[in-house]
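Here's a quick briefing to read alongside the model.

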There are 2 protein chains.
Amino acid sequence: MLSWIDGQPAELLSAKDRGLAYGDGLFETIAVTAGQAVLLERHLARLAEGCARLRIPIDMNLLKAELLAFCQQLGDGVAKLMVTRGDGQRGYAPPEPAQPRRILQSAAKPQYPARNAEQGVRLFACATRLAEQPLLAGLKHLNRLEQVLARAEWQDAEHAEGLMLDASGRVIEGVYSNLFIVRAGQLITADLSRCGVAGVMRAELLAQAAACGIGCQVRDFDLAELLAADEVFLCNSVYGVWPVCALQTHDWPVGPLTRKLQAIARDLLDC
Amino acid sequence: MLSWIDGQPAELLSAKDRGLAYGDGLFETIAVTAGQAVLLERHLARLAEGCARLRIPIDMNLLKAELLAFCQQLGDGVAKLMVTRGDGQRGYAPPEPAQPRRILQSAAKPQYPARNAEQGVRLFACATRLAEQPLLAGLKHLNRLEQVLARAEWQDAEHAEGLMLDASGRVIEGVYSNLFIVRAGQLITADLSRCGVAGVMRAELLAQAAACGIGCQVRDFDLAELLAADEVFLCNSVYGVWPVCALQTHDWPVGPLTRKLQAIARDLLDC
């Protein structure tokens, strides 16, 4: 497996990195097929937005060049890109000027059971709720203890993902996926302005669905509306789309809109 | 400056550490005087509680032995102790078994202006609010982006600390301190069951005040009650107690209870 730090092969980094001290950074998890980063521009745009919101002064041209070279060398797999504010001294005050650090790590494509994509997955109902923090909402930052706690709630192989609500009971997302519901032929996915991670596959599916003339709503919805949905599915940038077939005692069929978006995601990931 | 990882002098750590990837860990910032860790047992107890809540299986005996040796070697300064869940593979699921990592770093005692302790400090009114997450409240975990954002709100030297409210407008703490108010001879400090860091100096001052017969309340209060307070002060485990003399256009006098607790903290830090 490959590991680069600031463009050079390296597996160790400074223990003074603020990514470690405070989670002061961001990451992207990128599917790589035949040396190409899937949804490259969306990943870069989200990272650039995150750096702007956290005021991490990253050189996006340098970062993109390194990422392209890394993916070329990787060939097929998953590239994880982390950007931190770099080393810090004692205290929360960001160093001026900061010297951000770029970390690239590879992994093999995860081998999920074929039934996840075919018959769909069962959702575990996580007790861990997402806190509402508008200043960080949508970002894929390195403060991920809520996801660690949620993912630790189940160990069985029966549940492939967990459902996360916010503190007010709104349905937000999976632990490592975004979630869509279908009602009367319309796509609905959660408003992520208070919490949640705005996934690049979510953004791409919203764009492609709109381009196909499918109605899309980004808005709040609760558990009752999830249960009443015609179809439910999950997405992320590595596995694409998984239908959701069950949550506790409730079942959903795998519907036509889910299959349509799954095919779109598969095309993106395979090419 | 000293830097130890798992008991050995080292300045680099694995880029696969989950402390970096997810902020999956905890820390303590400990004043060290003449080779002794101040408030040692309280720091160890808080860390042990944090490890229990995050289910990080740490060997507290080994950690304590390393910390004692580190402080002995340091002599005078500040010891920062981080515990992470150790290396991980891709994904949020905690590795089983985890191999936690222990990181010790030293710094010189910060040279704060003498007026902070004497005349008191001005509080900056941070716009960054603390999100409410009961599962993480009280812990000194490594997910500290809120503090990074809050501390980046001011650069002037006029403000030594910033005031943080929660999303509902309750007064919680400083960016790197806990906050007390005094009303009618009683100490009041925020309930930290929804957010905030339960500082060891806060715990020690509550215990010592109670032992002196001073009434102590741990409860919610809002900005109006803060402004109406007779005295306001901050505390942490490195500087002890600072009176708060002002917030924006509001002034407070430095009162007798503040001075009494400041003397208690000074005794702890000097010996």
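Is Glu49(B) buried, partly exposed or exposed? Glu49(B) counts as partly exposed, because its relative accessibility is 42%; the cut-offs are under 20% relative accessible area for buried, over 50% for exposed, and partly exposed in between, using a 1.4 Å probe and protein chains only.

Before the details, some ground rules. This is a predicted model, where local features need pLDDT of at least 70, side-chain atom pairs count only at pLDDT 80 or more, and totals for chains, interfaces and linings use all residues. Residues are numbered from 1 along each chain as its sequence is written, chains are lettered from A and ligands numbered from 1 in the order in which they are written, and side-chain values use heavy atoms, leaving out hydrogens and water.

**Salt bridges**

- Over all chains, the structure holds 34 salt bridges, each being a side-chain nitrogen of Lys or Arg within 4 Å of a carboxyl oxygen of Asp or Glu.
- Side chains of opposite charge can pair when their charged atoms come close.
- Glu49(B) pairs up with Arg53(B) in a salt bridge, with 3.3 Å between the closest N and O atoms.
- These two sit about one helical turn apart, because Glu49(B) and Arg53(B) are four residues apart in helix α2 (residues 40-54) of chain B. Helices here are DSSP runs (H or I, at least four residues) and strands are too (E, at least two), numbered from the N terminus.
- Arg53(B) is partly exposed as well, at 32% relative accessibility.
- Glu66(B) makes a salt bridge with Arg102(B), and their closest N and O atoms are 2.8 Å apart.
- That pair links distant parts of the chain, 36 residues apart: Glu66(B) is in helix α3 (residues 60-74) of chain B and Arg102(B) is in strand β7 (residues 101-107) of chain B.
- Both Glu66(B) and Arg102(B) are buried.
- Arg170(B) forms a salt bridge with Glu132(B), with the closest N and O atoms at 3.4 Å.
- Glu132(B) counts as partly exposed, at 21% relative accessibility.
- Over in chain A, salt bridges that share partners tie Glu132(A), Asp166(A), Arg170(A), Arg194(A) and Asp220(A) into one network.

**Around Glu225(B)**

- Look for Glu225(B) in helix α7 (residues 223-227) of chain B; Glu225(B) is buried, because its relative accessible area is 15%.
- The side chains of Glu225(B) and Arg219(B) are joined by a polar contact of 2.7 Å. A polar contact is a pair of N or O atoms within 3.5 Å; within protein, one must be able to donate a hydrogen and the other to accept it, and residues adjacent in sequence count only if both atoms are side-chain atoms.
- Leaving aside residues up to four places away in sequence, Glu225(B) touches Ile181(B), Arg183(B), Ile188(B) and Arg219(B), with contact meaning heavy atoms within 4.5 Å.

**Where chain B meets chain A**

- Chain B and chain A each put 55 residues into the contact.
- About 4,300 Å² is buried between chain B and chain A, with carbon and sulfur atoms giving 67% of that; buried area is the accessible area (1.4 Å probe) that two parts lose on being put together, summed over both.
- On the side of chain B that touches chain A, the largest share comes from α5(B), with six residues.
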